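Let's take a friendly walk through this structure together. Have the sequence and the model side by side, and follow along one step at a time.

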Amino acid sequence: MSDKEKMQRAIKSVIYGAFKNETECAAVMGWPRQRLNKITNGAKEPSVSEMGAIALATGSTLEKISNIFLLYW
């Protein structure tokens, strides 16, 4: 499994632990679904504020979310 695949599985695990799908998570954050999808698929490197928004929406921590993305980026 590649680092990208590990990152994708880890971030999706956090999101799906709190929401039914990425669309629901994105809606809670006030984002278009495509914005979150680009991040979870590794097409876009998230900013610190985006990682913070994901952490807040999922009930996680910025440290945990940033460590997931450090696997790939």
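Predicted model: local features only at pLDDT ≥ 70, side-chain atom pairs only at ≥ 80, totals over all residues.

Two packed helices are described by the angle between their axes and the distance between the axes. If you zoom in on the place where they meet, you will find Met-7, Gln-8, Ile-11, Lys-12 and Ile-15 on the helix 1 side, facing Leu-36, Ile-39 and Thr-40 on the helix 3 side. Sorted by class, this contact of helix 1 with helix 3 has five nonpolar, two polar and one charged residues.

Next, turn to helix 2 and helix 3. Their axes are 8 Å apart, and the packing angle is about 115 degrees. Helix 2 passes helix 3 in a right-handed crossing. From helix 2 come Glu-22, Thr-23, Cys-25, Ala-26 and Met-29, and these meet Arg-33, Leu-36, Asn-37 and Thr-40 of helix 3. The residues in this contact of helix 2 with helix 3 divide into four nonpolar, three polar and two charged.

Now look at helix 4, which covers residues 48-58. Which of its residues are buried? They are Glu-50, Met-51, Ile-54, Ala-55, Ala-57 and Thr-58. The buried residues of helix 4 pack against helix 1 (3-18), helix 2 (22-29), helix 3 (33-40) and helix 5 (62-70). Just after helix 4 sits Gly-59, with a positive phi of about 75 degrees.

The axes of helix 4 and helix 5 come within 8 Å and cross at roughly 120 degrees. That angle makes helix 4 oblique to helix 5. The crossing of helix 4 past helix 5 is right-handed. On the helix 4 side the contact is made by Val-48, Met-51, Gly-52, Ile-54 and Ala-55, and on the helix 5 side by Leu-62, Ile-65, Ser-66 and Phe-69. By class, the contact of helix 4 with helix 5 has seven nonpolar, two polar and no charged residues.

In soluble globular proteins, nonpolar side chains tend to be buried together. Here the largest nonpolar core has 18 residues, of which Ile-11, Leu-36, Ile-54 and Ile-65 touch the most other members. Helix 1, helix 2, helix 3, helix 4 and helix 5 are the elements that give two or more residues to this core.

Let's visit a few residues one by one, starting with Ile-11 in helix 1. Is Ile-11 buried or exposed? Its relative accessibility is 0%, so Ile-11 counts as buried. Leaving aside neighbours within four places in sequence, Ile-11 is in contact with Thr-40, Ile-54, Ile-65, Ile-68 and Phe-69. Although Ile-11 and Ile-54 are 43 residues apart along the chain, their C-alpha atoms are separated by 9.3 Å. Ile-65, again not counting residues up to four places away in sequence, touches Ile-11, Val-14, Met-51, Ile-54, Ala-55 and Ser-60.

Ile-39 belongs to helix 3. Ile-39 is buried because its relative accessible area is 0%, where buried means under 20%. Beyond residues up to four places away in sequence, Ile-39 touches Met-7, Trp-31, Lys-44, Pro-46, Glu-50, Ile-54 and Phe-69.

Our last stop is Glu-50 itself, in helix 4. With a relative accessible area of 4%, Glu-50 is buried. Apart from its neighbours within four places in sequence, Glu-50 is in contact with Trp-31, Arg-35, Ile-39, Lys-44 and Glu-45. Glu-50 and Met-29 are 21 residues apart in sequence, and C-alpha to C-alpha they are 9.6 Å apart in space.

Methods: Residues numbered from 1 in each chain as written. Heavy atoms only, no water. Buried < 20%, exposed > 50% of the residue type's maximum accessible area, 1.4 Å probe, protein only. Helix = DSSP H or I, 4+ residues; strand = E, 2+ residues; numbered from the N terminus. Contact = heavy atoms within 4.5 Å. Axes fitted to C-alpha atoms, helices over the stretch in contact; angles between N-to-C directions. Parallel < 35°, antiparallel > 145°, perpendicular 65-115°, else oblique. Left-handed = near helix turned anticlockwise from the far one by under 90°. Nonpolar A, V, L, I, M, F, W, Y, C, P; charged D, E, K, R; others polar. Core = buried A, V, L, I, M, F, W, Y, C linked by side-chain atoms within 4.5 Å.
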